[in-house]
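Here is the note you asked for, written to be read beside the model. Please keep the sequence and the 3D view open while going through the points.

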Amino acid sequence: MKSLVILISGRGSNMQALMEANLPARIAAVISNKPEAAGLDIARRRGYETIVLDQRSYAGREVFDQKLAEVIDAYAPDLVALAGFMRLLGDSFVSRYEGRLINIHPSLLPAFPGLHPHRQALKEGVKVHGCTVHFVTAETDRGPIIIQAAVQVIPSDTEETLAARVLQQEHRIYPEAVRWFMEDRLKLSDNSVEVSDADFDDSILYSPGLSK
Ligand code: GRF
């Protein structure tokens, strides 16, 4: 059976969604760069192997990335999934895992990369926001897009209400992307990902809705 390693830094709700999705893959380990990450307890309670690599104990990015790669490689995973992993990874780490390192970001990339995407979305007054699962490349929050989900932005939204609605969609699309990867249904060419046998319908999201 194929396997994956999940990298977290905090709450771990996307990690949990992956655990609950009955994926055709084994979660070999959960690694956190923060000892206090709440997701570690969730993983431990569920009986998963957890490893903490406290970034403060390493003398810089290169050394940390090297150690992280050693720990990951001991599990020989097919896929490494970043799930709220809040640390930038260096170019050599990213190229080592090219094509088998994915991330979830709470915006419709390439809009609003980096920190506080919901705040950025509200500030820009966008009517549609959402989340993206993508292959990781050297540039932060860029890379070939596997799946996105959109949510409407409504006038009463705050950062918190918008984040909560986007998070629900994150929990839908991340397991989907991992499933496709494990089923060998993703074909990556240049900057584009083709998903074989994906469903399409012709529904179009308008926001705000069109008046009758
Ligand atoms: C999620 O919104 C994820 O997209 C972003 O950080 C947040 C992590 O949440 N990269 P959780 O730890 O998965 O609950």
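The points below go from the domains and cores to salt bridges, backbone geometry and the surface.

1. Basis of the note. This is a predicted model, in which local features need pLDDT of at least 70 and side-chain atom pairs count only at pLDDT 80 or more, while totals for chains, interfaces and linings use all residues. Residues are numbered from 1 along each chain as its sequence is written, and side-chain values use heavy atoms, with hydrogens and water left out.

2. Domains. The protein chain is assigned domain 1 (1–97) and domain 2 (104–212), with bounds that come from an automatic or database domain assignment. Taken over C-alpha atoms, the centres of domain 1 and domain 2 are separated by 22 Å. To the contact between them, domain 1 brings 22 residues and domain 2 brings 17 residues, where contact means heavy atoms within 4.5 Å.

3. The largest core. A nonpolar core is a set of buried Ala, Val, Leu, Ile, Met, Phe, Trp, Tyr and Cys residues joined through side-chain atoms within 4.5 Å; buried means under 20% relative accessible area, exposed over 50%, and partly exposed in between, with a 1.4 Å probe and protein chains only. The largest nonpolar core has 40 residues, and those with the most contacts inside it are Leu 4, Ile 6, Ile 102, Val 133, Ile 146, Tyr 174 and Val 178. Helix H6 (residues 159–182) gives the most to this core, namely nine residues; helices (H or I, at least four residues) and strands (E, at least two) are DSSP runs, numbered from the N terminus. Because domain 1 (1–97) and domain 2 (104–212) both give residues to this core, it lies between them.

4. Not counting residues up to four places away in sequence, Val 133 touches Ile 102, Asn 103, Ile 104, Ile 145, Ile 146, Ile 147, Ile 173, Tyr 174 and Ala 177.

5. Salt bridges. The structure holds nine salt bridges, each being a side-chain nitrogen of Lys or Arg within 4 Å of a carboxyl oxygen of Asp or Glu. In one of them Glu 159 pairs with Arg 119, with the closest N and O atoms 3.1 Å apart. Since Glu 159 lies in helix H6 and Arg 119 in helix H5, the pair ties together parts that are 40 residues apart in sequence. Glu 159 counts as partly exposed at 26% relative accessibility, and Arg 119 counts as partly exposed at 42%.

6. Two further pairs. Arg 165 and Asp 157 meet through their side chains in a salt bridge of 2.7 Å, N to O; Arg 165 is partly exposed at 25% relative accessible area, whereas Asp 157 is buried at 10%. Glu 183 and Arg 185 also form a salt bridge, at 2.9 Å, N to O, with Glu 183 partly exposed at 35% and Arg 185 buried at 18%.

7. Cis peptide bonds. The bond from Leu 109 to Pro 110 is cis, with omega near 10°, and Pro 110 is found in the loop between strand S5 (101–105) and helix H5 (117–124). A cis peptide bond also joins Ser 207 and Pro 208, where omega is about -5°; Pro 208 is in the segment after S9.

8. Positive phi. Asp 184, although not a glycine, has a positive phi of about 55°; it is found in the loop between H6 and strand S8 (186–189) and counts as exposed at 59% relative accessibility. Asp 197 is not a glycine either and has a positive phi of about 60°; it lies in the segment after S9 and is exposed at 70% relative accessibility.

9. A surface patch. Which residues form a nonpolar patch on the surface? They are Ile 204, Tyr 206 and Leu 210, which together have about 350 Å² of accessible area. Patches are made of residues with over 30% relative accessible area and no salt bridge, with like charges joined within 9 Å and nonpolar side chains (Val, Leu, Ile, Met, Phe, Trp, Tyr) within 5 Å; accessible areas come from the Shrake-Rupley method with a 1.4 Å probe, and for residues only the protein chains shown count as cover. Ile 204 lies in the segment after strand S9 (192–195) and counts as exposed at 63% relative accessibility.
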